[in-house]
Amino acid sequence: MAYETIDFKTEGGIARLTLNRPDRLNSFTVQMHEEVADALSDLGDARVLVLTGAGRAFCAGQDLNDRAVAPGEDIDLGESLEKRYNPLIKTLTGLPMPVIARVNGVAAGAGANIALACDIVIAARSAKFIQSFANLGLIPDSGGTWVLPRLVGQARALAIALTGEPVTAERAAEWGMIWKAVDDEALDGEVDALASKFASAPTQGLAAIKAAIRSGWSRSFDDQLQHERESQRTVGFSGDYKEGVAAFMEKRPPRFTGQ
């Protein structure tokens, strides 16, 4: 597929997907959904994904000018979630690799929750997270009602969702909503350093960590202990584990292959 609304490239084990409709603050259309889904369906030999937006925004959510949500028409928004947003969130959370959100500007509506669906969020200090749904008579979607209370607690989640007030990147970091806020000029360096680290890390182990923590919400403590046992058994047979132990014993840097 020739992409018109995104930029996508993979190099050195790092896949970079950039939402590229800067004139519309990278808001989603049906076409963008299709292109993002296509890119994520084949990440090749990538061992980490960086998701970001072009220009001055990360993503402003749904483009209300798109034909799928044209004003004045009766539109089944549940169908839009079922066909497009929910599969996207499930894909991001289920990828067997770390996913880094590089939040370079405003992340609003579904755009905010797409960022929060990523495993690690690094935001420029000028960035803001806005749950703008209430202003349109809607509820937070794209996992927002699930993830927000778990990140910041019910009181803050309710206030963020009901008021629609912007949350600055610094406050989001203070509240544990994101990993960190950095100076705007330091954003690329922070993201690139972390992506490079993951690209040379033991990929199977990182994928297992991600899966265990994300799925742990649905298990009892005893069940989680059993999950840890089975997962540890699996990664314990990996080549990267053997390399990690050998490197430690030989006092040298490990050379992980992701296998």
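# A tour in questions

Visitor: Which residue has a side chain that meets R233 in a salt bridge?
Guide: A salt bridge here means a side-chain nitrogen of Lys or Arg within 4 Å of a carboxyl oxygen of Asp or Glu. For R233 the N to O distance is 3.0 Å. The partner is E230.

Visitor: What pLDDT do local features need in this predicted model?
Guide: Residues are numbered from 1 along each chain as its sequence is written, and side-chain values use heavy atoms, with hydrogens and water left out. In this predicted model, totals for chains, interfaces and linings use all residues, side-chain atom pairs count only at pLDDT 80 or more, and local features need pLDDT of at least 70.

Visitor: Back to that pair: in which helix do R233 and E230 both lie?
Guide: Helices here are DSSP runs of H or I with at least four residues, strands are E runs of at least two, and both are numbered from the N terminus. R233 and E230 sit three residues apart, about one turn of the helix. That helix is α9.

Visitor: How many salt bridges does the count come to?
Guide: Side chains of opposite charge can pair when their charged atoms come close. Among the bridges here, R21, R24 and D63 are linked in a network. By the rule above, the total is 14.

Visitor: Which residue meets R102 in a salt bridge?
Guide: The contact is 2.8 Å, N to O. R102 lies in strand β5 and its partner in helix α7 (residues 187–199), so the pair ties together parts that are 86 residues apart in sequence.

Visitor: How many residues apart are D183 and R125?
Guide: Their side chains meet in a salt bridge at 2.6 Å, N to O. D183 lies in the loop between β10 (180–182) and α7, R125 in the loop between β7 (120–124) and β8, and the separation is 58 residues.

Visitor: How many of the residues of strand β3 are buried?
Guide: In a regular strand the side chains alternate between the two faces of the sheet. In β3, V48, V50 and T52 point one way while L49, L51 and G53 point the other, and all are buried. For residues 48–53 the tally is six of six.

Visitor: In which sense do strand β2 and β3 pair?
Guide: Two strands pair if DSSP finds at least two bridges between them. β2 (residues 14–19) and β3 have six, and R16 stands opposite V50 in β3. The sense is parallel.

Visitor: Which residue in β5 is the bridge partner of L49?
Guide: β3 and strand β5 (residues 99–103) run parallel and are joined by four bridges. L49 belongs to the side of β3 that also includes L51 and G53. Its partner in β5 is V99.

Visitor: What is the angle between the planes of W146 and W217?
Guide: Rings of Phe, Tyr and Trp (its six-membered ring) pair if their centres lie within 6.5 Å; planes under 30 degrees apart count as stacked, over 60 as edge-to-face and the rest as tilted. The structure holds two aromatic pairs. One of them is edge-to-face, W146 with W217, at 5.9 Å centre to centre and 85 degrees.

Visitor: How far apart are the C-alpha atoms of G105 and S126?
Guide: G105 sits in the loop between β5 and β6 (106–108) and is buried at 4%. S126 is 21 residues away along the chain, yet the C-alpha separation is 6.4 Å.

Technical notes
Buried < 20%, exposed > 50% of the residue type's maximum accessible area, 1.4 Å probe, protein only.
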